[in-house]
Amino acid sequence: MEHLGTIKLETKRLILRRFEEKDAEELYFGYINQKEFLYYANKEKL
């Protein structure tokens, strides 16, 4: 699949890019770490 118009945006503190297969393990463990996940998920509601 080719994604037209997708660019990587990068600053000194942040990188925005499309998800890649190599990101899967880190995302998985981030979601199963409930304490950290719930902190960030509930932060928007405050």
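View 1. Phe29 counts as partly exposed because its relative accessibility is 44%; buried means under 20% relative accessible area, exposed over 50%, and partly exposed in between, with a 1.4 Å probe and protein chains only. The structure, a predicted model, holds 1 aromatic pair. The ring centres of Tyr28 and Phe29 are 5.1 Å apart and the planes stand at 75°, so this pair is edge-to-face. Rings of Phe, Tyr and Trp (its six-membered ring) pair if their centres lie within 6.5 Å; planes under 30 degrees apart are stacked, over 60 edge-to-face, and the rest tilted.

Local features in this predicted model need pLDDT of at least 70 and side-chain atom pairs count only at pLDDT 80 or more, while totals for chains, interfaces and linings use all residues. Residues are numbered from 1 along each chain as its sequence is written, and side-chain values use heavy atoms, with hydrogens and water left out.

**View 2. The loop residue Arg18.** Arg18 is found in the loop between strand 2 and helix 1. Helices (H or I, at least four residues) and strands (E, at least two) are DSSP runs, numbered from the N terminus. With a relative accessible area of 42%, Arg18 is partly exposed. Lys8 and Arg18 are 10 residues apart along the chain, and 7.6 Å separates their C-alpha atoms.

**View 3. The largest pocket.** The largest pocket holds about 330 Å³ of space. On a 1 Å grid over the protein atoms alone, a pocket is an open set of points where a 1.4 Å probe fits, with protein on both sides within 12 Å along at least five of seven lines; lining residues have an atom within 4 Å of a point. A volume is the space filled by probe spheres set on the points, which are joined across faces, edges and corners. Of the 11 lining residues, Arg17, Phe19, Asp23, Glu26 and Leu27 lie nearest the centre of the pocket. Strand 2 (15-16) and helix 1 (24-32) each supply at least two lining residues, and helix 1 gives the most, with 4 residues.

**View 4. The elements of the chain and their confidence.** The protein chain has 2 helices and 2 strands, which follow the pattern β-β-α-α along the sequence. The mean pLDDT (the predictor's confidence in each residue, from 0 to 100) is lowest in helix 2 (residues 34-43), at 71, and highest in strand 1 (residues 9-10), at 92. Of the 46 residues in the protein chain, 2% are buried.
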